[in-house]
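Reader: I'd like a close look at one part of this model, please. Take your time and walk me through the neighbourhood as well.
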Amino acid sequence: EDVDVLARAGQDGRLGVRADISSHNGAFREIVEGINRTLDSVVAPLKGAAAVLQATADKDLTREVTGDYKGDFAELKGDINRLVSAIHEALYQVAEAVAQVNAGGDQIADASQSLSQGATEQAASLEEISSSMTEISSQITTNDENAGAASKLSNRARAAARNGAEDMV
């Protein structure tokens, strides 16, 4: 009956179930005791693996499966530890990439700020140049008017000098 209970419990995934060996004698006691030890040797690595997987799910990538396991359990231990290490490495690489993207974003922001400042300074310079051009244009108009007035005055002076010279002759 105990062997059937242990077999059904194992098939149902209830690996914590054990048979009471005190109610058995002789070879049958040894068989039940052997099944209990077998279940113990299966449960310990599975609990260790489950603890590490739970820690990994909780974002703790510092845990490893420990214990001196043999055969398939040693392979399972190595596979889980490599998996956690690979996840840790992948996340580290993602963090580095994010840091590089942030640094690139900062450089772009700095360049944009410098470009904006340069554009503002150029706009101010263009405004000064435009103001100077307006002033020069005004000076040219004034000079043109003054040159016209000087030309008229010169023509009158020439006429007066000619008239004065004729009167003297």
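In which helix do Arg82 and Asp79 both lie, and how many residues apart are they?

Author: Both sit in helix 3, three residues apart, which is about one turn of the helix. Helices here are DSSP runs of H or I with at least four residues, strands are runs of E with at least two, and the numbering starts at the N terminus. Quick ground rules before we go on: this is a predicted model, where local features need pLDDT of at least 70 and side-chain atom pairs count only at pLDDT 80 or more, while totals for chains, interfaces and linings use all residues. Residues are numbered from 1 along each chain as its sequence is written, and side-chain values use heavy atoms, with hydrogens and water left out.

Back to your pair. The side chains of Arg82 and Asp79 form a salt bridge, with N and O 2.4 Å apart; the term asks for a side-chain nitrogen of Lys or Arg within 4 Å of a carboxyl oxygen of Asp or Glu. Arg82 is exposed at 53% relative accessible area, whereas Asp79 is partly exposed at 41%. The labels work like this: buried is under 20% relative accessible area, exposed is over 50%, and partly exposed is in between, using a 1.4 Å probe and protein chains only.

By that salt-bridge rule, the count comes to four. Another one of them joins Glu33 to Arg37, at 3.9 Å from N to O. These two are four residues apart in helix 2, so about one helical turn separates them. Glu33 is partly exposed at 28%, and Arg37 is exposed at 52%. Then there's Arg14 with Asp12, whose closest N and O atoms are 3.5 Å apart. Arg14 comes out as partly exposed, at 45%, while Asp12 is exposed, at 54%.

Helix 3 spans residues 71-168 and packs with helix 2, residues 26-57, at about 5 degrees, the axes being 10 Å apart. Axes here are lines fitted to C-alpha atoms, for helices over the stretch in contact, and angles run from 0 to 180 degrees between N-to-C directions. The two helices are therefore roughly parallel to each other. For reference, under 35 degrees is roughly parallel, over 145 roughly antiparallel, 65 to 115 roughly perpendicular, and the rest oblique.

On the helix 2 side, the contact is made by Ser41, Val42, Pro45, Leu46, Ala49, Val52, Leu53 and Thr56, and on the helix 3 side by Phe73, Leu76, Ile80, Val84 and Ile87. Contact means heavy atoms within 4.5 Å. Sorted by type, the residues of this contact give 11 nonpolar, two polar and no charged. The sorting puts Ala, Val, Leu, Ile, Met, Phe, Trp, Tyr, Cys and Pro under nonpolar, Asp, Glu, Lys and Arg under charged, and the others, Gly among them, under polar.

Setting aside neighbours within four places in sequence, Thr56 contacts Leu61, Val84 and Ile87. Val84, in turn, touches Val52, Thr56, Leu61 and Arg63, again not counting residues up to four places away.

Some of those names come back in the largest nonpolar core, which has seven residues: Ala49, Val52, Leu61, Val65, Tyr69, Ile80 and Val84. Helix 2 and helix 3 are the elements that give two or more residues to this core. Such a core is a set of buried Ala, Val, Leu, Ile, Met, Phe, Trp, Tyr and Cys residues joined through side-chain atoms within 4.5 Å. In soluble globular proteins, nonpolar side chains tend to be buried together.

The loop between the two helices has a couple of details too. Lys59 lies there and has a positive phi of about 70 degrees although it is not a glycine. Lys59 is exposed, at 74%. Thr62 is in that loop as well and is exposed at 67%.

From C-alpha to C-alpha, Ser137 and Ala7 are 108 Å apart in space, and 130 residues apart in sequence.
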